Amino acid sequence: MRPTGRLHLGHYHGVLKNWLELQHSYECFFFIADWHALTTHYETPLDLGQHVTDMVIDWLAAGVSPSAATVFVQSRVPEHAELHLLLSMITPLGWLERVPTYKDQQEQLRERDLATYGFLGYPVLQSADVLAYRAGLVPVGEDQVAHLEVTREIARRFNHLYGREPGFADKAEAAIDKIGKKMARRYRDLRKRFQEQGEGEALDVARALLEGQQNLSLADRERLFGYLEGGGKIILPEPQPMLTPTAKMPGLDGRKMSKSYNNAISLRSEPAQVDRQIRTMPTDPARVRRTDPGDPDKCPVWALHQVYTPEETRIELAHGCRTAGIGCLDCKRPLIEGVLAELAPIQERAREYASDPGLVRSIINEGSEAAREEARETLDEVRRAMGLDY
Ligand code: SF4
């Protein structure tokens with residue numbers, strides 16, 4: 001996540017709640033992409049420190065747990081920069097120029113000069129971010145799958161160029177021993193059997209087989225998979241997208257909740273402010289007077305009710321709206337209560353973390369050090385493969 005400062009309910013529902021589940025099911029790395037912020041906002045770097053702290057506090061307050069996941073800051077792990085540099089050597093310019101967001105963003109941020117080397121290269125930096133941890137899965141929305149595809153292409157090219165080293169077959173055999181020769185044989189049989197029915201299916205079966213091997217790390221499984229595929233060594237496994245449902249969190253004006261639209265409820269907004277924000281939300285314009293009936297489908301408040309209000313209550317409210325049986329303030333009340341109830345425990349934790357900057361700093365330090373250890377291992381292997389281990 002880029003360090004944009006304090007988070008709002010759109011982040012909470014769109015990203016963080018998903019992370020809270022993932023952190024207990026996978027080995028997760030969550031990081032603040034401060035170098036990425038510089039690719040588009042290189043002229044205003046001064047607020048970065050505060051934004052990073054604010055964001056980490058909000059993550060922790062929302063329930064991201066440093067004991068379950070590795071929480072760190074990108075620039076504290078210089079291996080990202082080294083890998084970015086090394087990968088940039090093998091990345092054709094055309095791949096970067098055709099990333100859909102490259103032109104879009106230049107259009108959207110026309111007031112900024114984005115004809116920079118850093119901006120063009122941010123997909124390589126993003127690839128380094130993922131590949132440094134040999135991540136198996138990257139949680140992305142539908143619109144980011146193309147980005148991940150660049151990462152996969154870069155990994156594939158890297159493996160193709162540097163993945164065949166003498167003696168690898170022996171190492172792969174040893175890896176196969178890890179899951180048992182029987183399993184590997186079964187894989188080969190299956191592969192043969194399914195070949196006629198199409199490559200894709202055979203691979204899916206094989207992947208499912210290997211994924212059942214809980215004693216193997218994801219990276220090991222990917223490496224082994226690569227070996228079984230073609231005998232080459234996979235140094236940087238190709239990450240798979242883990243599609244996350246697109247955030248449906250509407251903002252106060254019905255558009256997507258976003259700081260730049262000025263329609264967001266911040267996670268740390270005072271209850272009185274939240275109350276004011278919701279009370280002053282626009283409603284169906286047809287409800288000029290209390291006695292005018294309205295249509296919930298034309299009302300931004302209704303979109304928020306979908307997130308916060310149980311169905312039975314919604315049925316009553318919709319009826320009240322359509323028959324002018326209730327006023328808009330009556331309708332907003334349960335919504336205000338719902339939002340405040342969700343925010344209360346988050347705000348309490350945020351207060352605790354905000355009052356203890358030393359604790360937040362040490363969480364960032366420890367997380368960054370743990371991430372570094374992991375990235376160092378990858379870089380050792382990358383350097384060796386590229387002949388830089390002298
Ligand atoms: Fe919107 Fe509720 Fe008012 Fe209907 S009653 S217009 S749904 S706020």
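Leaving out neighbours within four places in sequence, L9 touches M249, M257, I265, L267, Y308, V339, E342 and L343, where contact means heavy atoms within 4.5 Å. I start there, but first the conditions. This is a predicted model, in which local features need pLDDT of at least 70 and side-chain atom pairs count only at pLDDT 80 or more, while totals for chains, interfaces and linings use all residues. Residues are numbered from 1 along each chain as its sequence is written, and side-chain values use heavy atoms, with hydrogens and water left out.

Back to L9. This residue belongs to helix α1; helices here are DSSP runs of H or I with at least four residues, strands are runs of E with at least two, and both are numbered from the N terminus. L9 has a relative accessibility of 1%, so it counts as buried. The cut-offs are under 20% relative accessible area for buried, over 50% for exposed, and partly exposed in between, with a 1.4 Å probe and protein chains only. The C-alpha atom of L9 is separated by 9.7 Å from that of R268, and the two residues are 259 apart along the chain.

Now the helix itself. Does the span of α1 agree or disagree with its residue count? Helix α1 covers residues 9-25, and at 1.5 Å a residue its 17 residues should span 24 Å; the end C-alpha atoms are 23 Å apart, which agrees. The expected span is 1.5 Å times one less than the number of residues. There is a bend of about 40° at V15, taken as the angle between axes fitted to the seven residues ending there and the seven starting there.

The buried residues of α1 are L9, G10, H11, Y12, G14, L16, W19, L20, L22 and Q23. As background, an α-helix has 3.6 residues a turn, so residues three or four places apart point the same way. What covers the buried residues of α1? The cover includes strands β1 (29-32), β3 (137-140) and β4 (240-243), along with helices α3 (48-62), α15 (300-308) and α17 (328-354).

Next, the aromatic residues. The structure holds 8 aromatic pairs, counting rings of Phe, Tyr and Trp (its six-membered ring) with centres within 6.5 Å; planes under 30 degrees apart are stacked, over 60 edge-to-face, and the rest tilted. F31 and F72 are stacked, because their ring centres are 5.3 Å apart and their planes are at 25°. This pair joins distant parts of the chain, with F31 in strand β1 and F72 in strand β2 (residues 70-73), 41 residues apart. Both count as buried, F31 at 16% relative accessibility and F72 at 1%. F119 and Y122 make a tilted pair, since their centres are 5.5 Å apart and their planes at 40°. F119 is buried at 1%, and Y122 at 3%. Ring pairs also link F29, F31, F72 and Y133 into a cluster.

Two last items. E79, in helix α4 (residues 79-88), is buried with a relative accessible area of 5%, and beyond its neighbours within four places in sequence it contacts R372, A375, R376 and L379. How many disulfides does the structure hold? There are 0 disulfides, by the criterion of a pair of cysteine sulfur atoms within 2.5 Å. C321 is buried at 12%, and C331 is buried at 12%.
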